[in-house]
Amino acid sequence: MSLLTVDELTVTFGGRGRKASRAVDGVSFEVDQGQVVGLVGESGCGKSVTSLALMGLLPAKGLTIGGRAEFDGTDLFTMSPSARRDLRGSEMAMIFQDPLSSLNPVVPIGVQVTEILERHRGMKGEAARKEAAHLLDRVGIPDPTRRLKEYPHQLSGGMRQRALIAMAVACAPRLLIADEPTTALDVTIQAQILELLKELVDQEGTALLMITHDLGVVAGLCDQVNVLYAGKVVESAGRRELFAHPTHPYAHGLLGSIPRLDAPRGEPLNPIRGSINDRIAWADGCAFAPRCDRYEMGCLSGTPQLGEPRAAGHQVRCVNPVLDDAKAEEVPA
Amino acid sequence: MLRLVVRRLLQLIPTLLGLSVLLFLWLDRLPGGPASAILGEKATEAEVARINRALGLDQPVYVQYWRFLKRIAELDLGTSTQTGQPVWDEFVLRFPATVELSLLAILIAVAVGVPLGYFAARNRGGWLDVTAVSGSLVGICIPVFFLALILKGIFAVQLGIFPSYGRQDTGINATDVTGFAVLDGILTGEFDASWDAIMHLILPAVALASIPLAVIVRMTRASVLEVQDEDYVRTAEAKGLKRSVVRSRHVLRNAMLPVVTAVGLLTGSLLSGAVLTESVFSFGGIGSFIRTAIDGRDYPVLVGFIMFIAMVYVLINLLVDLAYSLIDPRVRVH
Amino acid sequence: MSVATKTDKIQRLAELTATKETSTGASLWREAFRRLKSSKMAIIGAVIIAVFVVIAIVGPYLTPYAPTAQTWRGEVFPNQGKFVGPRGENWFGLDHLGRDMFSRMLVGARQTLLVGVVSTLIGLVAGFLIGGLSGAAATLGGEAGKRVDSVIMRFIDMMLALPSLLLAVSVAAVMGQSLTTVMIAVGVVQVPVFARLLRGSMLAQGGADYVLAAQSLGVRKRRIVTSQIIPNSLSPVIVQATLSLATAIIEAAALSYLGLGNPDPAIPEWGVMLAQAQRFFDNAPMMAVYPAVGIIITALGFTLLGEAMREALDPKLRG
């Protein structure tokens, strides 16, 4: 059985007098023990909202969550708030996008690490501080005992993200959700952080749900990839399969839009035209249709269903999928 | 820390210099000039001439200014035309009363305002929030002296719960040690004197607290609302911390930063308010004294008070900055 | 694929995409105005202000008695503590000199509005010039500009350090006792507030990317300030001006209380009326309550509208 099973998750903002908008529109996927699963899409596709809904971090007022999400067999959405609080930080933990704003500016790093040890592992005083220093050391922060006394503004961007990772892994969670953990960092630091995550996952057998818009991150890290568009999964496949045969026109376009070093000089780039705002409601048809080259009348007769037009386990939500492999990418190592 | 103190004290010098220039020019522009400012408006011409000579008004302007500055530097703020006493001595005598009153007012404003603003933000849109916000909006709009009059009319004159004027009942023979009536009573063991002083303080302090209270409620509320949505509060929630820890360590601690600054900036309005409330209650602090100085056109007192207030204001804001640097590590001076 | 089906396709797509909400086009101001219209605070504030302004304009022509007429002299003996309260021919009763309170309130509304508006204008214009100069120097003036800015700001801080009442008292002492004095004194108090606000707002705008963009395109500095930075910095100043109308009316009342208000009995002003009434407060509290309530409600109107505007213009406070 999977560690995390998400089934037809919907998140709707607004309602009651205001116009409702559905940020997540029936997302289903699974994460197995020790697996790295990617949730890929451009900003506004609902990937961050999905992760916050799973963690129970969305505001209580002004939105409704539908569908089911089971963590280790228990439904996250029906469990009591206090049970959820016990789960957070210990069984499932999260790493956020912007390390500076995600750390409390007026509380020393040490306290921000030890408070989670106190809460979930019952550690106190010197023991907690020792463990905190050990954690900082483990995520590659040099001179950890000194760093414990410092404040977030005294750390570099990469160090801050490492500190956040230390807090997330403090209680050896079984599921780690990382929401674009490298977006706010320099490219060289990005690689280091990804390396660190990979190492932790390999050593601890932690499952990792990686939220990203960066296909490079996906190629380097994920076992299974779910491509999100306008609040729905449009394609889901293993990493190799997806990179070899992107079948939904959106996924195909995403991979095709990456500039290639070996492309002949002067060859134009292939962006996907338009933006995610040029969409139609899923109920009317495929939300991607207005931006799609392969759009035809059939795309507008209701929500397209997930199918497996190419291979078993490779799910695609498209009535006119890309089945000719003319522009397939190389499989990354 | 020490460097911050020294730097701020040095910053005080240009402020006071600038102020002294303004005051000097102001005195010069007064109807009748500085002579009548010192002697009052009913001075005879002979007296004016004598004072003008004594003040060196026949000398060039920069010499006059230099003398003016020297006097201020020696804390010689002149002599009050009403009492005939040195202005500085009058201030020192009356300052403790005003300090007591202002401290209690700020204490009331913070002790009531911060929790009220916090819970208003927590229950945004609820009855408490609506009451707190509309209450503070109305509070800002009530002229302080009118509020003082109403409080006095109801609680002192009609109900007789509190005394209606002064700092202490004449029947109580309190020993004067520090000038702070409440403190003196405690020091000398005359607790009835302390109690009496506290009863005298309450009504004026409540009136004086109205505006700071309204400001602090709104400030705290806005600040908490903003901090609640910060990423680091989400991080704290993601750690599964107890609600009380999230609220105290992560929300309240950050939300207090702008409130601390506001308390410093409220000092100015507090002193204006003290002039008004003290005079309603004939409180006998600097405020009442200034009120009579305004009535009697006692210019040496007014000039001295402005210099005095500027110093107090800067010192209070220095204290606030120090407190701020203790709670916000980002501005800490190493 | 035939031409007809292609048009069909585009047509159908257009229909479906047209249903999405298009809020991106609306400007900040229009958006703010839309929010303002749906704000209870703004509506209450605007109604109060409208009523007050109407009274201020037509009130003096509707008075049943002249505001100075002491026709009821024989009925009022202040020294004996006898006062005439509300009755049929004098809705608000008589004051200590036997003048009709209702008539005085009507006439006083205009004076009160005048004091509020003129003093706020004084503060606004002077503060705008000082703050604008300081802000422009700080954002685009380079090193020298920064020095100019810091000198100006020192001066402004100095003004802020003074209790507003004393500042007003100082002005009144030089200029003598009159309505003009009150207006100037209250206006002077507002100068540092406006100056700081505009400068702060300009500084924030000065760091914005569009200013950098305009600079790199070679737009002249003066043009950047006048056509880009200042227009974008205005909204907090406008909000403050609304709020200042309230403060000015209250501040003017305080000055009157200290005996610095307009001494002319022919033009009653609410602040002066309140100040005079406080002497008789224990015997005739209503004499103070009428002008006080007038001041409080009017100030509340401006405060409500100002606060609602602030909320409408601040995207962060959107609820």
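A residue is buried if 20 or more other C-beta atoms lie within 10 Å of its own, exposed if 12 or fewer, and partly exposed in between, with C-beta atoms placed from the backbone. The legends below use these words. The model is predicted: local features need pLDDT of at least 70, side-chain atom pairs count only at pLDDT 80 or more, and totals for chains, interfaces and linings use all residues. Residues are numbered from 1 along each chain as its sequence is written, while chains are lettered from A and ligands numbered from 1 in the order in which they are written.

**View 1. Chain A as a whole.**
Chain A has 10 helices and 12 strands. Helices (H or I, at least four residues) and strands (E, at least two) are DSSP runs, numbered from the N terminus. The radius of gyration of chain A is 21 Å, close to the 20 Å that the globule rule gives for 333 residues, so chain A is as compact as a globular protein of that length. That radius is taken over C-alpha atoms, and the rule is 2.2 Å times the number of residues to the power 0.38. Along the principal axes, the C-alpha atoms of chain A fill a box of roughly 65 × 55 × 35 Å. Of the 333 residues in chain A, 47% are buried. Two residues are in contact if their C-beta atoms, placed from the backbone, lie within 7 Å. Take the contacts in chain A between residues at least 6 apart in sequence: 64% of them join residues at least 24 apart.

**View 2. Two domains of chain A.**
Domain 1 of chain A spans 4-222, and domain 2 spans 238-316. These bounds come from an automatic or database domain assignment. The centres of the two domains, taken over C-alpha atoms, are 29 Å apart. Eight residues of domain 1 of chain A touch seven residues of domain 2 of chain A. On the domain 1 side, helix α8 (residues 215-221) of chain A gives the most, with three residues. By class, that side has five nonpolar, one polar and two charged residues. Here Ala, Val, Leu, Ile, Met, Phe, Trp, Tyr, Cys and Pro count as nonpolar, Asp, Glu, Lys and Arg as charged, and the others, Gly among them, as polar.

**View 3. Strand β9 of chain A and its partners.**
Five of the six residues of β9(A) are buried. Two strands pair if DSSP finds at least two bridges between them. Strand β3 (residues 36-40) of chain A pairs with β9(A) in the parallel sense, over four bridges. In this pairing V40(A) stands opposite V227(A). β9(A) and β10(A) run antiparallel and are joined by six bridges. Q224(A) stands opposite G238(A) in β10(A). The two strands β9(A) and β10(A) form a hairpin with two residues between them.

**View 4. Two residues with positive phi in chain A.**
Most residues other than glycine have a negative phi. A230(A) has a positive phi near 50 degrees. A230(A) lies in the loop between β9 (224-229) and β10 (232-238) of chain A. Is A230(A) buried or exposed? A230(A) counts as buried because it has 24 C-beta neighbours inside 10 Å. D143(A) is not a glycine either, and its phi is positive, about 55 degrees. D143(A) sits in the loop between α4 (125-138) and α5 (144-148) of chain A. D143(A) counts as exposed, because it has 11 C-beta neighbours inside 10 Å.

**View 5. Where chain A meets chain B.**
Here 26 residues of chain A are in contact with 20 residues of chain B. On the chain A side, α2 (81-87), β6 (92-95) and α3 (109-121) are the elements that give two or more residues. The largest share, four residues, comes from α3(A). The residues on this side divide into 13 nonpolar, seven polar and six charged.

**View 6. Helix α10 of chain B.**
Which residues of helix α10 (residues 231-238) of chain B are buried? They are Y232(B), R234(B), T235(B), A236(B) and A238(B). Just after α10(B), G240(B) takes a positive phi of about 75 degrees.

An unreviewed UniProt entry lists "transmembrane region" for several spans of chain B, including 9-27 and 133-155. Such annotations may be inferred rather than shown by experiment; the positions are given in the numbering used here, and feature names are shortened. Residues 9-27 of chain B are 100% helix and 0% strand, and their end C-alpha atoms lie 26 Å apart. For chain C, the UniProt annotation "transmembrane region" (unreviewed entry) covers spans including 113-140 and 288-308. Residues 113-140 of chain C are 100% helix and 0% strand, with end C-alpha atoms 39 Å apart.
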